[in-house]
Every structure is written in structure tokens, then in C-alpha cells.
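This report describes the salt bridges of one protein model.

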Amino acid sequence: MPAALLMAFVLLQTYAEKAEEISDRILRISSRMLFALMMFFVLAALSHPLPNKLVLARSENTTILSFLAETLNAPAVSTLGPIIAVTAIYSSFLTFYLGSNEALVGLLKAASPELVNIVGDRKVRVLLVVFFFVTIWLAASLEPPIISAIADLFAPFIAIILFLLPMYAIRTVPALAKYKGALSNIFVTIAGLVTVSATLRNFF
């Protein structure tokens, strides 16, 4: 999501009126690739004959790649697993770092433009880099149960941002009125509500 926002901003500045067409093409291809990759891992995990080990892997905060490499005894998985994991970590870091960094800079400029002008844009960005470094270093050192955190804490917010907020924007923002009435809007809204309700039930 942060990368998509940054991509939309760059495309709008670069291609102007053609930005929407180009962004639609990029998102269409990347969404299909992401869906195929996710379904591969989901089906690979679900088709494994030892479901109890999946529960054990989750309790040990082990990723699905490490789990498959340990249990399938497949040289290809053992070799490609670390490469895929490092690539995923690197791409995810860039995705969220770039988007979060720009979002925080924008929030600071909107909330306190005088302070940003006094400190200077360059120093603000340096301070944000230090903030991200310390936060990530602490998370890596403490090694929290990130899988459970994603499922229990982050999933509802991600579902709201990805599913429900765009549908709300389509209903309320005049510039997005052309997207009203599509059947896909109903599907996305229902999917968002189901996802949020499914994750919130863990708190009750």
C-alpha cells in the first residue's frame, strides 16, 4: 500500500493525464503476480501431510519457508528458501520504508510546518531515518511474535485501509464518483467486513 501511494504520486508528476492508465496496467500485472505467489505458498502449506507441525511452526515464530525446508527435505526449497526470504524482506522493507517515510514527512509538514522550516527538511528526513533504524533494530533484537501480531493486530487495520477506506472514498469523494456502482465495490466491501470481523473475534 505505501509503495502504491508513492508510485501513484510519481506517475502523476511524470505522465500527468496518462498516469491513471499506466498505474492501472502496473497494478494489474503486479496484483496477478502477487496473487499467484501467495496462492502457491498457501496451497503448499495446506497440502502438507502434517498440519500439527504448522501449529508448532507458528508457536516457534517460524516462517513458512523455513518450515517447508525443514520438513520436506527438498534441496530446491533449502536452496531457494533463503534467496526468496532475503528478497522478500528487502522488497518489503523498501516498500514500507519509502511509503512510511514520505507519509511521516507529509504529516509533520501538515501538523507543524513552522517546526519543519526551523529544523530543515533535510534534518527532518535524517531524524526519521534514525527513528526507523532504532525501531527496526529493537524489533529485530526483541524478536516479538510477529506472525501473531500480524494476524491479531495489523490485519484489521490493513483490511480497513485496503478494503473499506477506498470504498468510502468512492462514495464521498467527487473525483472518484466514476467508480460508483461497480459490482466489484460490493465484493470488496463484503471482503473487508469479513476480514475485519474474523480478526476482531480474537479479542473476544
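How many residues apart in helix 7 are arginine 125 and aspartate 121? They are four residues apart, which means a separation of about one helical turn.

## Basis

This is a predicted model, in which local features need pLDDT of at least 70 and side-chain atom pairs count only at pLDDT 80 or more, while totals for chains, interfaces and linings use all residues. Residues are numbered from 1 along each chain as its sequence is written, and side-chain values use heavy atoms, with hydrogens and water left out.

## Salt bridges

A salt bridge is a side-chain nitrogen of Lys or Arg within 4 Å of a carboxyl oxygen of Asp or Glu. The count under this rule is two.

Helices are DSSP runs (H or I, at least four residues), numbered from the N terminus.

Arginine 125 also forms a salt bridge with aspartate 121, at 3.0 Å from N to O.

## Exposure

Partly exposed lies between buried (under 20% relative accessible area) and exposed (over 50%), using a 1.4 Å probe and protein chains only. Lysine 109 is partly exposed at 39%, aspartate 121 is partly exposed at 33%, and arginine 125 is partly exposed at 25%.

Note on methods: Helix = DSSP H or I, 4+ residues; strand = E, 2+ residues; numbered from the N terminus.
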